[in-house]
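Hello,

Here is the structure I promised to pass on to you. Have a look at it first, and then read my notes below.

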Amino acid sequence: MSNDEKKVNLLGLSPKKMADFFVEMGEKPFRAQQLLKWIHQVGLEDFDDMSNVSKVMREKLKEVACVEYPEIIYHKVSKDGTQKWLMKIPGGSSIETVYIPEGGRGTLCVSSQIGCALDCSFCSTGKQGFNRDLSAAEIIGQVYVAAKSFDKPGEKRERKITNVVMMGMGEPLLNFDNVVDAMDLMMNDHSYGLSKRRVTLSTSGVVPNLYKLAEVSDVSLAVSLHAPNDALRDQLVPINKKYPIKELLAACDHYMGSLPDRRKLTVEYTMMDQVNDEVEHAEQLAKLLKNTPCKINLIPFNPFPNSGYSRPSNNRVYKFRDYLHNQGYIVTIRSTRGDDIDAACGQLVGQVEDRTRRSARYIELHEVSAAENSQAESK
Ligand code: SAH
Ligand code: SF4
């Protein structure tokens, strides 16, 4: 991997930007398709290995461009087949990407930012603070690295990644342009060729950007609701104070209505014991969503140190699910996968060089409560 800042990193160029790049070089746009295939379908980064690119063209490319992807710090495989990569990002941070195989599916959970500025009360990424947006190359680089690590030498690449969810670290709608470019690469036939139904963006509710997304994309949408009323959601998902539930659901309806086909919104609901998991919350939720075609995905809270929350018993989760089910909703419970390698939802932390001082506050609190605990123990 070269590290020449003056060179264009072709890895992150959307199909459109790749075509523009070649046109600017005085070349035909079909070159873009060739390069996209070599990079994303074959997994090459050395121009000399690209056999249908002329020698003259390769020399030209070497002068102005490179293919640079994130360096792997480690790659872990869980007992249940879930895999996790920790990747190094220039500037001292790192990000996490998770692969979840399930039947014939392989879902890659991709990060969009280093940390997250939105500070949801139950999310360990949020507790780490925020450093910066990932570039398009760093976002698609996670798909590139995962796909490459499944390759067997000398064999044609198998399509192990069938789905991508933008549910790793960060709020994808706050890194709009780079996320849209990377998702375009996920879906383009000359790169990863995933169906638009199999690429899902999850948002905690950046309402104006949902309207913007409807203009430029047709990926599937998941919304992190987590509470059936504003008072509770204000506490769990602070961005709710700016964009309350009614506005959020209106924006989701608009987005779903803009899609060329009929698809259902996914409503994510992380369940925390005695916080948002009472049957009365299920009743409110059923009323709230009665005009929203959706499927509800219950996510039992995944614990992390000093979160202050715990996971509800299975009984409570089933009761909640059954109520919604009886009201006619499609409800799934997200299974906890990969928790032996800390790869479950909300356990992704990477290494965030925080710029918000939030993690410092969190660490202070953490230390205070740890000190209190040890005092209490010694009494
Ligand atoms: N920022 C986006 C996408 C990343 S989070 C969003 O909030 O939607 C992906 C999902 O994991 C979200 O639904 C989020 O609320 C959930 N999540 C976060 N922390 C969690 C935890 N500790 N346990 C279970 N789910 C969690
Ligand atoms: Fe950010 Fe999503 Fe975590 Fe909230 S749940 S802090 S929006 S990553």
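To read the residue classes below, count Ala, Val, Leu, Ile, Met, Phe, Trp, Tyr, Cys and Pro as nonpolar, Asp, Glu, Lys and Arg as charged, and the others, Gly among them, as polar. This is a predicted model, in which local features need pLDDT of at least 70, side-chain atom pairs count only at pLDDT 80 or more, and totals for chains, interfaces and linings use all residues. Residues are numbered from 1 along each chain as its sequence is written, ligands are numbered from 1 in the order in which they are written, and side-chain values use heavy atoms, without hydrogens and water.

Ligand 1 first. Its shell (residues with a heavy atom within 4 Å of the ligand) divides into 8 nonpolar, 10 polar and 2 charged residues. Of the 20 residues that surround ligand 1, the closest are Gly170, Ser202, Ser224, His226 and Asn302.

Some polar contacts (pairs of N or O atoms within 3.5 Å) stand out for a first look. A polar backbone atom of Gly170 is 2.9 Å from a nitrogen atom of ligand 1. For Thr270, a polar side-chain atom lies 3.2 Å from a nitrogen atom of ligand 1. A polar backbone atom of Asn302 is 2.9 Å from a nitrogen atom of the ligand. Taken alone, ligand 1 exposes 530 Å², and the protein buries 95% of that (Shrake-Rupley method, 1.4 Å probe).

Now ligand 2. The residues around ligand 2 include Cys116, Cys120, Cys123, Gly170 and Glu171. By class, this shell has 4 nonpolar, 3 polar and 2 charged residues.

Happy exploring!

Notes: Polar contact = N/O pair within 3.5 Å; in protein donor to acceptor, adjacent residues only side chain to side chain.
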